[in-house]
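Take a look at the structure below. A few of its local features are worth a walk-through.

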Amino acid sequence: MVSSVRNQWYPLWELVLVNDASPLAETAVALNALEDPRVKVIHLEKNQGIAGATNVAIERAVNDYIVFLDHDDELTDDCLFELSKCINTDDPDFIYSDEDKFTSSGDFSQPHFKPDWSPDTMMGTMYTCHVACVRLSVAKKIGGLNSEFNGCQDWDFILRLTEITNKISHIPKVLYHWRIIPESCASDISAKPYVLAASKAVRENALKRRGLSGTVESLSQFPGYFRINYALQGNPLISIIIPTRDNYEMLHRCVESLFNKTRYHNFELVIVDNGSIHADLLNYFDQLKHDDRVKVVRHDKPFNFSQLINVGVENSDGELLLLLNDDTEVLQEDWLERMGGYAQLSHIGAVGAKLIYADGISVQHAGVLNLYNGPMHAHIRQHKDSPGYFLRNQIEYNWLAVTGACLMVERKKYLAVGGFDETFPVAYNDVDFCVKLVDSGLYNISCVGVTLIHYESASRGQDHADQEKLARLRHELAHFYDKHPAYYQYDPFFNVNFAPNGFNFEVQN
C-alpha cells in the first residue's frame, strides 16, 4: 500500500497513517520505519474504530483534498495524477473512479465500471466506493465520519456529503485495486454481519434526515442487499393513459388485470383510441363508458404515438401520469404505489418498471442504454431474477431512459419539458422525453421492484420487421441525434469501458 503511494506520478502528496492502538508491537515498528518526510504517522493511545481513526487523519491533513485508502489496498500509479487533472478541470467537492479487485496472488478481477453520479443508485448500493477523493473543507463541514455506522461509515459519509453539494465528478478509469482476502467485504459482503446491519441503518438514517417516508427492504434472493420502497405521499389521482387501436384481446387483458390487481384505487383510465373499427373493441368501449374511472378519447388521425400520449394527457386530470401500453399485464397489487413513491421525489423525472416477456421469466426491459447502435434495452432476454451487472437487474438504478411502455412521471414535470415530441411518431419518443428530463436536471429510474408482462409490439408489430419500417427507424434515430448531439454514442449512466453495444455490460476487450 505504501509503495503504491510512493510510486505515484503526481508528486504533491502526503500520506497520513493512523495506528489505531494496535496490540501488535510490529505494527508500530513497521510504521516508525517509514522514514519519508511525506509520510505522517500517528499513534493512538486508545482504539477509536475505523471512523474515529479516519477522523483523526482528516484533522491532521493539511492539503486541499483527501483520498481514502485502506491499509491492504493499492492505488494505481496514475491515481493522483488523474485526480489532479479532474480537480483542475471540474473543481469538484467529490470525485470517485472505477475500481477492481486483486487476489493474494496478484491477479486483477471483478472490474467495477460505474455510472456518472446517480443519487438513487447510491441509496441502493455503495457504488462509488473507491477511489474516493473529497475536498478537505467539505469533509470537515459535515463532521467527518460517523462511528455509529462503522463498517459502512464511508457510505454514510458520502450520502451526507452529496446532500450539501452537487459538484461531483466521476473518472471512468480503474484507479484503485481492492484486495480480496478471506472474511473481507471485498470477498463477500455477508462475511461481516455488522456491515449488513450498518448498510441498512445508513439508508434508514438518510431517509429520516431527508424527511422522506419509505422502507429499506431486504432482497430475499440476494442476502445482504436491500432496495428502497418510498411511500406514496397523500392520495394523488393517477391518470393511466393507454393508446390503442383494434386490439381487443390485448386491451381487455391489460385493463382487467389493472382493475383486478391494483390495490391503489385513486386512478383514472384514459384510453386513447386511434381509429378502431372492430366491433368487439367498440362494444368493449361501450361497456367501459359506464365505469366512472374510465374515459375513452377518440383520435382518428394517422398513427403518432407521441401525439396519442399528448392527447391522453390533455384529457386527464391526474397529478401523476402513467403511460401504459395496451399489450401489458399487471402482476402485482402495489405497483402504482411503488412507482408513485419514486415519481413524487423532487429530483426524479421518469419512473420505469421491469417488463418481462410472455414466457414470464425473460427480461424485455429493465432500463434503456444509449449505445453505439443507438438506444437499446438492458438485460434483454436475461432471466428476470438474475442479478445483472452489480445488481442492476435487482436494485433501483438511475438510467438515461426508460421505456414508454410503462412510464410514470409527475404532470408538472411532463409539462415543464413540453411533453412528448410529435416529430417522433413511432420510435425514440420515450428516449427523447427522458433525455429532456435529464437535461432539465432530473434523474430517471427503473423501479425494478415492479414487474409487468409486456407482449412487446403485439398491436403494431416490430419496427425492424420490414425494410420500410427499418428505414423509418433509422430516420428517427438520426433525428434523435440531430436534436441531442451531446448524446451521440454517449450515455452518462453507462461507462466507456464496456463494449460499445454491451447491453449486458460486457467488458470491452
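Is Gln110 buried, partly exposed or exposed? This is a predicted model, and the values here are computed from it. Gln110 has a relative accessibility of 42%.

Now go to Gln489. Here phi is positive as well, at about 55°, although Gln489 is not a glycine. This residue belongs to the segment after helix H15 (467–483). Its relative accessible area is 37%, so Gln489 is partly exposed.

Next comes a peptide bond. His130 and Val131 are joined in the cis form, with omega about -5°. Val131 lies in a loop. Helix H5 (119–124) and strand S7 (132–135) are the elements that this loop lies between.

Finish with helix H10, residues 279–288. Which of its residues are buried? They are Leu281, Tyr284, Phe285 and Leu288. These residues cover an arc of only 105° around the axis, so they lie on the same side of H10. Ala279 and Gln287 are exposed on the other side of the helix. What covers the buried residues of H10? The cover includes helix H9 (248–261) and strand S11 (238–244). Strands S12 (267–273) and S13 (294–298) are also included.

How values were computed. Residues are numbered from 1 along each chain as its sequence is written. This is a predicted model: local features need pLDDT of at least 70, side-chain atom pairs count only at pLDDT 80 or more; totals for chains, interfaces and linings use all residues. Side-chain values use heavy atoms; hydrogens and water are left out. Buried means under 20% relative accessible area, exposed over 50%, partly exposed in between (1.4 Å probe, protein chains only). Helices (H or I, at least four residues) and strands (E, at least two) are DSSP runs, numbered from the N terminus. The arc is that of the directions from the helix axis to the C-beta atoms. Contact means heavy atoms within 4.5 Å.
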